[in-house]
Amino acid sequence: MSAEPAVVPDPPPAPKVAPLELARLRGAVHAGLFGGSAAPPRVGRYELLRCIGRGGMGIVYAARDVELGREVAIKLLRPELSHRDDERLTSEARALARLSHPNVVSVFDVGTYEEQRFIAMEFVPGQNLRRWLDAPRSLREVLQVFVAAGRGLHAAHEQGLVHRDFKPDNVLVGDDGRPRVLDFGLARPPDVAGAAPVMPPEIPAGVDPLATMLTQAGQVLGTPAYMAPEQHLGEPADARSDQFAFAVALYHAVYGVRPFTGDDPRALALSIVRGRLRPATPRFPVPAWLDDLLVRALSVDPAGRFPTMGELLERMAS
């Protein structure tokens, strides 16, 4: 009896950003072979110069605003995000555009290109916080950068915006040394206080715990390693959820490891919802007040955390 042929699943559809990136690369290759300069692809009035990042929400380009003659960053949202709640995306982008704070990446414009949403933002030469932390740093330097990034989070919270995916990759440390937080909740509406819990998110075994997760509907769940217990349980997220993620990142910066461990994403989620902090040896002598701050901010119950990011930052700066 002959074996049945194996069923090979269809490959996932290519993202709609691919044609733009392909056009940019073809132009660069043509210019390299034959000389001259190829016209860069455009999204509205923005010329796409080079790809500078990819993530769970989309692809980011360094671009030139041909009308204002300045360099900007253009984020093209993934198609499944672009097709959701267009009015709300515009409303949140406008709220961010009104948020002027030195520790938040400025949003200049929001629009649509071939049925795909894009966001034009401040271009920040520098590196993300994860890479910044790879270099030797003193505890004082680490705390200064985290306090500044926390001020950006707090400013957004005061405008009613919740990040839901705070992590070192979403903080840019400019060449000027100033950290700026980016990617504030543009892929999910604010959670309603008192809303009934939904089914906990299903995290497949092979998911990277450090990568942003999306639902099939295109909603951002967060990054498993930084998600608060309430996010893992399918409960509403608020500013205290951002505080938890902030504390996970700060714990990692101070201790060299993240506060929760697990052999796979599901085991990691279980450690988080049970509050199982791993024992670790700090990189620096850690004052008792900082250790107490981290334990409180990492409380399983949101009510056990600091009432606001502002109060946590006051404790850090005192």
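**Figure 1. The three-stranded open sheet E7-E8-E9 of the predicted model.** In this predicted model, strands E7, E8 and E9 form an open sheet in that order, with antiparallel pairing. The edges are strand E7 (126-128) and strand E9 (179-181), each of which pairs on one side only. On average, neighbouring strands of this sheet are turned by 25° against each other, direction ignored. Strands of a sheet pair through backbone hydrogen bonds, in either a parallel or an antiparallel manner.

**Figure 2. Pairing of E7 with E8, and the helix that packs on the sheet.** Three bridges link E7 to strand E8 (residues 171-174) in the antiparallel sense. Within E8, Val173 is the bridge partner of Gln127. Helix H5 (residues 139-158) packs on this sheet and touches E8 and E9. The direction of H5 makes about 35° with that of E9.

**Figure 3. The packing of helices H5 and H7.** Helix H7 (residues 239-255) packs against H5 at an angle of about 170°, and the two axes are 11 Å apart. Angles over 145 degrees count as roughly antiparallel, and H5 and H7 are therefore roughly antiparallel to each other. On the H5 side, the contact is made by Leu139, Val142, Leu143, Phe146, Gly150, Leu153 and His157. H7 contributes Ala239, Asp242, Phe246, Ala249, Leu250, Ala253 and Val254. By class, this contact has eleven nonpolar, two polar and one charged residues.

**Figure 4. The largest nonpolar core and a separate core.** The largest nonpolar core has 61 residues, of which Phe146, Phe246, Leu250, Leu312 and Met316 touch the most other members. H7 supplies the largest share of this core, eleven residues. Apart from this core lies another of eleven residues, including Ile59, Ala63, Leu76 and Phe118. In soluble globular proteins, nonpolar side chains tend to be buried together.

**Figure 5. The surroundings of Met316.** Residues up to four places away in sequence are not counted here. Met316 touches Leu143, Phe146, Val147, Phe246, Leu250, Trp289 and Leu293. Two of these, Leu143 and Phe146, belong to the H5 side of the helix contact, while Phe246 and Leu250 belong to the H7 side.

**Figure 6. The six-stranded open sheet and its edge strand E1.** Six strands form an open sheet with antiparallel pairing, in the order E1-E2-E3-E4-E6-E5. Strand E1 (42-43) and strand E5 (107-113) stand at the edges with a single partner strand each, so one side of each has no neighbour in the sheet. E1 and strand E2 (residues 46-54) run antiparallel and are joined by two bridges. Opposite Val43 stands Tyr46 in E2.

Note on methods
Residues numbered from 1 in each chain as written. Predicted model: local features only at pLDDT ≥ 70, side-chain atom pairs only at ≥ 80, totals over all residues. Heavy atoms only, no water. Pairing = 2+ DSSP bridges. Helix = DSSP H or I, 4+ residues; strand = E, 2+ residues; numbered from the N terminus. Axes fitted to C-alpha atoms, helices over the stretch in contact; angles between N-to-C directions. Contact = heavy atoms within 4.5 Å. Parallel < 35°, antiparallel > 145°, perpendicular 65-115°, else oblique. Nonpolar A, V, L, I, M, F, W, Y, C, P; charged D, E, K, R; others polar. Core = buried A, V, L, I, M, F, W, Y, C linked by side-chain atoms within 4.5 Å. Buried < 20%, exposed > 50% of the residue type's maximum accessible area, 1.4 Å probe, protein only.
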